[in-house]
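Please open the model in your viewer and keep the selection tool at hand. The stops below follow one another.

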Amino acid sequence: TNAVTSCRFTPDGRHLCTTSWDKSVLLWDIATGKYRTDGPVLFKGHEGNVNSCTISTDGNIIVSASCDESIVVWDVETAREKLKLKGHEGWVLDCGLSADANWIVSCSKDKT
């Protein structure tokens, strides 16, 4: 548990995704309130603070950006990492996903 750095609703408004300095990406089921008894779904894999997230328009993919200099693409249904992108030479501060989910953009402390 640490500072929450970003939050995004899924397109259907049923879930909320949060990122934190505790290296976590969490998905909260707010439509049913299930998180109150079971807690949120944890997407674990970053080795550094997680700065931001974005969600695909169909709600099946979460993309997260981290101080570990990576971007991770997550499968929402399985809560597993689909792809880890490395290439920045500094903290990845933010990320975005195109409407068709074919493009990921990011910005970093490395000035790219």
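**The open sheet**

Begin with the open sheet of four strands, whose order is 1-2-3-4 and whose pairing is antiparallel. Strands are DSSP runs of E with at least two residues, numbered from the N terminus, and two of them pair if DSSP finds at least two bridges between them. Select strand 1 (4–9) and strand 4 (41–43): these stand at the edges with a single partner strand each, so one side of each has no neighbour in the sheet. From one strand to the next, the twist averages 20°, with axes as lines fitted to C-alpha atoms and angles running from 0 to 180 degrees between N-to-C directions.

The model is predicted: local features need pLDDT of at least 70, side-chain atom pairs count only at pLDDT 80 or more, and totals for chains, interfaces and linings use all residues. Residues are numbered from 1 along each chain as its sequence is written, and side-chain values use heavy atoms, without hydrogens and water.

Pick Ser6, whose bridge partner in strand 2 is Thr19.

**Two loops**

Move to Glu69, in the loop between strand 6 (61–66) and strand 7 (70–75). Phi of Glu69 is near 70°, a positive value in a residue other than glycine. Then select Ala79, in the loop between strand 7 and strand 8 (80–86); phi of Ala79 is also positive, near 60°.
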